[in-house]
Amino acid sequence: MSSPSPDSLLGPADIRELAAALGVRPTKQRGQNFVIDANTVRRIVRTAEVRPDDVVVEVGPGLGSLTLALLETADRVTAVEIDDVLAAALPATIAARMPDRADRFALVHSDAMHVTELPGPAPTALVANLPYNVAVPVLLHMLDTFPSIERTLVMVQSEVADRLAAAPGNKVYGVPSVKANWYADVKRAGAIGRNVFWPAPNVDSGLVSLVRRAEPIRTTASKAEVFAVVDAAFAQRRKTLRAALAGWAGSAAAAEAALVAAGVSPQARGESLTVEEFARIAEAASARGATPARPNEESGE
């Protein structure tokens with residue numbers, strides 16, 4: 001692999017120049033905040049432990065700051081971009097900045113929530129600066145759709161990072177925490193200051209690392225069945241599980257029966273349960289012939 005020149009990455013002046021040339025103004029609607037600091041994107045790549053043999057998928061590449069840093073290390077990078085103008089411009093930016101690696105880059109012009117296949121080899125890693133307003137559903141969709149993704153590092157709003165990485169018993173533990181943990185071991189992996197973005201957001205950002213479970217959670221219940229329990233438990237999180245799961249199970253008595261069969265106290269609350277315990281509840285309900293409502297699998301909270 002040839003080494004990129006030191007000025008291959010985009011700095012603040014480069015970002016503003018590119019944006020001006022394209023007539024791009026970051027929009028709140030799409031949660032666009034472009035990273036303008038080369039040290040930050042290289043730090044993200046290091047933290048993500050991107051390897052020379054990795055096939056990385058990036059969601060929301062924007063003007064290409066992180067994309068270029070990923071191409072310095074990874075074998076291949078596929079970027080998924082919904083914005084028409086940004087999608088049209090990114091290949092030219094890659095070709096101009098890193099011509100020796102341009103053949104290792106692919107662009108998918110689409111909404112990441114609708115992507116079901118990617119060109120080239122199966123992705124091994126997901127690294128992205130996710131738009132704040134869709135971070136959780138996009139993350140869960142990508143993990144579910146591409147089981148070959150072993151390692152993930154996403155930059156999200158700090159509060160979202162806290163929720164994703166929260167453990168049972170934490171006050172911010174909820175739907176995102178449990179559903180992310182269905183797929184992976186999740187942890188906070190650092191904080192990112194506001195001044196590395198343009199425009200600077202009004203919120204802090206955090207890095208979240210997700211390493212896919214070596215073995216899926218052992219359960220005879222389907223993911224949809226487990227997620228239905230999770231959604232029901234946190235829809236009324238202040239209630240006991242006996243009460244919160246009554247609608248899902250058909251009655252409070254049926255909910256209690258499923259909980260007892262799963263070895264979970266009917267007086268417990270959802271915020272105290274592990275994903276494995278939610279799976280046991282779904283399994284117990286299924287064994288009793290319950291037919292819970294279909295969940296919103298990629299919902300946040």
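Trainee: How does α2 pass α3, in a left-handed or a right-handed crossing?

Mentor: In this predicted model, α2 passes α3 in a right-handed crossing. The residues that touch are V41, R42, I44 and V45 on α2, with S65, L66, A69, L70, E72 and T73 on α3. By class, the contact of α2 with α3 splits into 6 nonpolar, 2 polar and 2 charged residues.

Trainee: What describes a pair of packed helices?

Mentor: Two things: the angle between the axes and the distance between the axes. Take helix α2 (residues 38-47) and helix α3 (residues 65-73). Their axes come within 9 Å and cross at roughly 50 degrees. α2 and α3 are therefore oblique to each other.

Trainee: At what angle do α3 and helix α4 pack?

Mentor: About 45 degrees, with the axes 11 Å apart; α4 covers residues 84-97. That angle makes α3 oblique to α4. The crossing of α3 and α4 is right-handed. T67, L68 and L71 of α3 meet L90, I94 and R97 of α4. The classes here are 4 nonpolar, 1 polar and 1 charged.

Trainee: Now the sheet. In what order do the strands of the open sheet run?

Mentor: There are 7 strands, in the order β4-β3-β2-β5-β6-β9-β7, and the pairing is mixed. The edges are β4 (105-109) and β7 (184-192), each pairing on one side only. On average, neighbouring strands are turned by 20 degrees against each other, direction ignored.

Trainee: In which sense do β3 and β4 pair?

Mentor: In the parallel sense, over 5 bridges; strand β3 holds residues 76-81. As one example, V77 has F105 in β4 as its bridge partner.

Trainee: Which strands of the sheet does α2 touch?

Mentor: α2 packs on the sheet against β5 (125-129), β6 (151-157), β7 and β9 (205-212). The direction of α2 makes about 155 degrees with that of β7.

Trainee: Let me zoom in on one residue of α2. Is T40 buried or exposed?

Mentor: T40 sits in helix α2. T40 is buried, with a relative accessible area of 8%; the cut-off for buried is under 20%. Leaving aside neighbours within four places in sequence, T40 contacts V35, I192 and V196.

Trainee: How do side chains sit along a regular strand?

Mentor: They alternate between the two faces of the sheet. Now look at β5. A125, V127 and N129 lie on one side, L126 and A128 on the other, and all are buried. Both faces of β5 are covered. With 5 of the 5 residues buried, β5 is largely enclosed by the rest of the structure.

Trainee: Which sense of pairing does β5 show with β2 and with β6?

Mentor: β2 and β5 pair in the parallel sense over 2 bridges. β5 and β6 also pair in the parallel sense, over 5 bridges. Follow L126 across the sheet. V57 stands opposite L126 in β5, and T152 is the bridge partner of L126 in β6.

Trainee: One more helix. How many of the 11 residues of helix α5 are buried?

Mentor: 8 of the 11 residues of α5 (residues 135-145) are buried, so α5 is largely enclosed by the rest of the structure. The buried ones are A135, V136, V138, L139, L140, H141, M142 and L143.

Trainee: What do the buried residues of α5 pack against?

Mentor: They pack against strands β2 (55-59), β5, β6 and β9, and against helices α6 (158-165) and α7 (175-183).

Key:
Residues numbered from 1 in each chain as written. Predicted model: local features only at pLDDT ≥ 70, side-chain atom pairs only at ≥ 80, totals over all residues. Heavy atoms only, no water. Axes fitted to C-alpha atoms, helices over the stretch in contact; angles between N-to-C directions. Helix = DSSP H or I, 4+ residues; strand = E, 2+ residues; numbered from the N terminus. Parallel < 35°, antiparallel > 145°, perpendicular 65-115°, else oblique. Left-handed = near helix turned anticlockwise from the far one by under 90°. Contact = heavy atoms within 4.5 Å. Nonpolar A, V, L, I, M, F, W, Y, C, P; charged D, E, K, R; others polar. Pairing = 2+ DSSP bridges. Buried < 20%, exposed > 50% of the residue type's maximum accessible area, 1.4 Å probe, protein only.
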